[in-house]
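Dear colleague,

I am passing the structure on to you with this message, and below it you will find my notes on what turned up. Please read them with the structure open beside you.

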Amino acid sequence: MRLSRAATMPFPLAAVLRAVLICLSLTLSPALWAQDVELRSQDGSVTLEGNLIAYDGAYYRLETVYGPLTIAAEGVRCAGPGCPDLGGFVAEARIAGEATVTEGLLPQLLHGFAQARGMSLQPPEQVPGGMRYALARADGGIAAIFHVMPGTSDTGLLALLNGETDMAISLREASEAERRADLAASPDDPALIRRVRVIGLDALVPVVSRQNPLSALSLTQLADVFSGQIVNWRDLGGPDAPISLHLLRADFGLAQFFEDRMFAGQSDFVSSPAIIRHDSASALATAVVRDAYAIGITTQSARGGARSLPLAGSCGFSQSADANSIRAEDYPLTAPVLLYLAPRRLPQLVRDFLDWTETAAAERIVARAGFVNQTLTRTPVSLQGRRLANAVAAAGGEVSLTDLQRLVARLDGSERLSATFRFADGSVDLDAQSRAAVARLAAAIEQGVFDGQRLTFVGFSDGEGPAAVNLRLSLRRAESVLEAVRLAAEAADPDRVAFAVDAFGEAMPMACDDSDWGRAVNRRVEVWVDRAAP
């Protein structure tokens, strides 16, 4: 490394590194300086030598005698045999995982991003293991190449852990074993659960032929059907005919997600040996459509011509997989589309694509592709009559009339925001979809969407345990979510939005408390919006 002295040093690298480099250069042998890349500041005040590890279109990554360094390309000139061709640089990224997303939604997002950047998405090219998508500039030059490898959540996450892909698309959260493996491989990097984005939402739904007369199915019935406890439609109020079962392959994230949610904690669960497994969601939907006595589990986005059934609880609650219930995770089998990132810096254009997936234009594409986007929507109290009716009907002995009256009075004049936050049992830790909702709500606050309004974070609990304890826990959760949003909205003007917290414990359940997933739906923090007091 060489450092030349100059009277003025406008280049930021000089200001950062000058003192460090002067001290270190006194202790290193000149024999170590001979490297294959030389970066020189524009004013010539600093020269840095090393082996080029990577160039991402915006930053150089060098291995130097001082360790790896990252240098902004806009402030330096590169010389030496290892320098990249800046004009012809092509950003590359590898994406592996769920075929329903990599073959459906992802190409549409790439096309939309290309158009937004004045580029075009070239016709895909089939390559070993998947497809190759190229983004071309207006002059015909290739700006980026995305190598897409359709598979399952298992194969995507395995490739990510093995360093074989830059991104993994999954319809299930990483398992504890996968998180431990990632920590062992990258102990100094952010944890896997912190390197994840939600690019869309979907939901698992039971589907039947349109000739099937069944109108709804309880969660218990659904579990009994797919475990082989119920084998005839007669037991569900239908005709005397055997039930034909359809599910995706066992290594697909959707099948794993379904079985994990349905049979969590049941170590003795065995799925029915009569289940017919499919290699794709479209093949499953086609098989169900053709058989009036079939039932399958697939995503709402891939149900095709099949009819999805609402999920009914034994206590009388019923929930359909519509856009609002999926956004708010009120529907029990909501499945966020998760994009896990490798613990390394991606090329600038690839990072730009990831940022673009959070724009309004990308949200429209997500919706057109049959998924549910994460656009923040509002539901006025006038359209929440069913929720209020459920609150009254499900009120237990520890929920008083006074509690319900306070709830109704507080709701009056408010709108419920679709961003809803959910937790594990007895925990204040948010799930992946909720963490994404924190970032989305914070961005909206920073953009002034809620200026002059009040956001009240309202905590609710399940009905397990004493009501007084549940009330305190739901308040703690509301306070923790508000704090997370405030920290994320660091650029917001605190005087333009009012914040408050409230809690009602178990006073307004969204599902039955007789199952793990019903209780999980009820443990939540909602956001109510109204006009701030002058």
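Arg406 counts as partly exposed, at 38% relative accessibility; here buried means under 20% relative accessible area, exposed means over 50%, and partly exposed is in between, computed with a 1.4 Å probe on protein chains only. Please keep in mind that this is a predicted model, in which local features need pLDDT of at least 70 and side-chain atom pairs count only at pLDDT 80 or more, while totals for chains, interfaces and linings use all residues. Residues are numbered from 1 along each chain as its sequence is written, and side-chain values use heavy atoms, with hydrogens and water left out.

Salt bridges

Side chains of opposite charge can pair when their charged atoms come close. The structure holds 25 salt bridges, a salt bridge being a side-chain nitrogen of Lys or Arg within 4 Å of a carboxyl oxygen of Asp or Glu.

One of them joins Arg406 to Asp502, with the closest N and O atoms 3.1 Å apart. This pair links distant parts of the chain, since Arg406 sits in helix H12 (residues 401-411) and Asp502 in strand E25 (residues 498-505), 96 residues apart; helices (H or I, at least four residues) and strands (E, at least two) are DSSP runs, numbered from the N terminus. Asp502 is buried, with a relative accessible area of 15%.

Another salt bridge is formed by the side chains of Arg416 and Glu526, at 3.6 Å from N to O. Arg416 belongs to strand E23 (residues 415-422) and Glu526 to strand E26 (residues 524-531), so the pair ties together parts that are 110 residues apart in sequence. Both Arg416 and Glu526 are buried, and salt bridges with shared partners join Asp330, Arg416, Arg422, Arg524 and Glu526 into one network.

Asp352 and Arg117 also meet through their side chains in a salt bridge, at 3.1 Å from N to O. Asp352 lies in helix H9 (residues 348-356) and Arg117 in the loop between helix H2 (99-116) and strand E8 (120-121), so this pair ties together parts that are 235 residues apart in sequence. Arg117 is partly exposed, with a relative accessible area of 41%.

Helix H13

The 15 residues of helix H13 (residues 432-446) should span 21 Å at 1.5 Å a residue, and the end C-alpha atoms are 22 Å apart, which agrees; the expected span is 1.5 Å times one less than the number of residues. H13 is mostly covered, with twelve of its 15 residues buried, among them Ala432, Arg435, Leu441 and Ile445. Just after H13, Gly448 takes a positive phi of about 85°.

With best wishes
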